[in-house]
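Hi everyone, thanks for making the time today. I'd like to walk you through one protein model, so please have a look at it while I talk.

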Amino acid sequence: MEKRRYPIRKTPSIPKSDMVFGVQSVLETLRSGKEIERLLIQKDQVFPDIQKLAVELQVPLSRVPLEKLNRLTRKNHQGVLCFVSPIRYVPVHNVLTQVFEDGKTPLFLMLDRVTDVRNFGAIARTAECAGSQALLVPFKGGAQINADAMKTSSGALNYLPVCREGSILDTLHYLRDSGLQVVACTEKGTDNLYEVDFTVPTVIIMGSEEDGISEQLLKLSDHKVRIPLMGQVESLNVAAATSVILYEVVRQRVQS
């Protein structure tokens with residue numbers, strides 16, 4: 001009897017985050033229209049053309065000591081370098097419009113101050129597998145999307161739209177006004193996770209393990225849910241907690 005052959009699913013290629021350094025190289029990279037993950041400028045240096053363009057393009061800019069730049073590269077960086085993102089960010093309103101036009105029920109995931117790259121990658125992997133249509137991250141104060149994040153996501157970041165928002169508070173207002181319920185997963189939660197209706201349009205907020213979710217975002221939440229813990233450890237890793245809540249959404253939507 002001939003052995004049945006099954007098609008092998010290829011793992012998508014994982015692009016790397018490229019570092020560009022030197023005044024002219026950074027300036028031309030900004031002008032090229034490439035997505036810049038972040039821009040680092042030496043504290044005591046001023047580059048008017050680069051800084052003006054960074055503001056216009058809304059590129060996250062940080063002033064850092066010379067020692068940090070020297071740790072990143074031993075080459076002549078001239079006091080400035082940037083990282084080219086391996087993905088292209090998408091405006092949240094574009095994603096939401098497309099989801100509604102496709103007749104689907106929105107499921108968005110918002111990360112508040114989650115800075116660990118590997119946690120971010122693991123969360124992105126789970127979100128894509130669970131059918132989330134967008135991952136919302138802040139303009140500043142979030143994890144850098146680099147080669148480590150891409151690898152940890154197992155390529156999910158190639159498929160999952162990521163929306164980098166100047167104000168996630170304004171974004172949350174926009175999503176609420178668009179008809180999405182807001183569910184915050186927090187240790188301060190009083191609502192039962194398993195009693196919330198996730199079959200309706202939903203945005204879920206996950207916060208950092210150190211600081212949790214900001215009070216401003218919590219105030220806008222329709223539900224503040226807590227994951228029940230039966231053991232001695234007080235909390236789950238944020239990536240594990242995200243998996244729990246997303247797959248409760250999947251369970252409800254599959255059964256509905």
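Let's start with a question: what volume does the largest pocket have? The answer is about 450 Å³. A word on terms: on a 1 Å grid over the protein atoms alone, a pocket is an open set of points where a 1.4 Å probe fits, with protein on both sides within 12 Å along at least five of seven lines, and lining residues have an atom within 4 Å of a point. The volume is the space filled by probe spheres set on the points, and grid points are joined across faces, edges and corners.

Before we go on, a note on the source: this is a predicted model, where local features need pLDDT of at least 70, side-chain atom pairs count only at pLDDT 80 or more, and totals for chains, interfaces and linings use all residues. Residues are numbered from 1 along each chain as its sequence is written, and side-chain values use heavy atoms, with hydrogens and water left out.

Back to the largest pocket. It is lined by 22 residues, and the closest to its centre are Cys185, Thr186, Glu187, Ser235 and Leu236. The elements that give two or more residues to this lining are β10 (202–207), β11 (223–226) and α9 (238–255). When I say helix or strand, I mean DSSP runs numbered from the N terminus: H or I with at least four residues for helices, E with at least two for strands. By class, the lining of the largest pocket has 9 nonpolar, 6 polar and 7 charged residues. Here Ala, Val, Leu, Ile, Met, Phe, Trp, Tyr, Cys and Pro count as nonpolar, Asp, Glu, Lys and Arg as charged, and the others, Gly among them, as polar.

Now for the second largest pocket, with a volume of about 390 Å³. Of the 18 residues that line it, Glu35, Leu57, Gln58, Tyr89 and Arg164 are the closest to its centre. Strand β7 (residues 162–165) gives the most to this lining, with 3 residues. The classes here are 10 nonpolar, 3 polar and 5 charged.

Where does the second largest pocket lie? Domain 1 (19–84) and domain 2 (92–255) both give residues to its lining, so it lies between them. Those domain bounds come from an automatic or database domain assignment. The centres of the two domains, taken over C-alpha atoms, are separated by 30 Å. Across the boundary, 9 residues of domain 1 are in contact with 6 residues of domain 2, where contact means heavy atoms within 4.5 Å.

Gln58 sits in the loop between α2 and β3 (61–64), and its phi is positive, about 55°, although it is not a glycine. Is Gln58 buried or exposed? At 57% relative accessibility, Gln58 counts as exposed. The cut-offs are under 20% relative accessible area for buried, over 50% for exposed, and partly exposed in between, with a 1.4 Å probe and protein chains only.

In helix α1 (residues 23–31), the residues Val26, Leu27, Thr29 and Leu30 are buried. They cover an arc of only 160° around the axis, which puts them on the same side of α1. That arc is taken from the directions from the helix axis to the C-beta atoms. The buried residues of α1 pack against β1 (18–21), β2 (36–42), α2 (48–57) and β4 (80–84). Just after α1, Gly33 takes a positive phi of about 90°.

Helix α4 (residues 92–101) has Val92, Val95, Leu96 and Val99 as its buried residues. Seen down the axis of α4, these fall within an arc of 95°, so they line one face of the helix. If you want a rule to remember, an α-helix has 3.6 residues a turn, so residues three or four places apart point the same way. What covers the buried residues of α4 includes β5, β6, β7 and α7 (168–177). Also in α4 is Asn94, which counts as partly exposed at 40% relative accessibility.

Last stop: Ala134, in strand β6 (residues 134–138). Ala134 counts as buried, at 0% relative accessibility. Not counting residues up to four places away in sequence, Ala134 touches Val95, Leu107, Phe108, Leu109, Leu160, Pro161 and Cys163.
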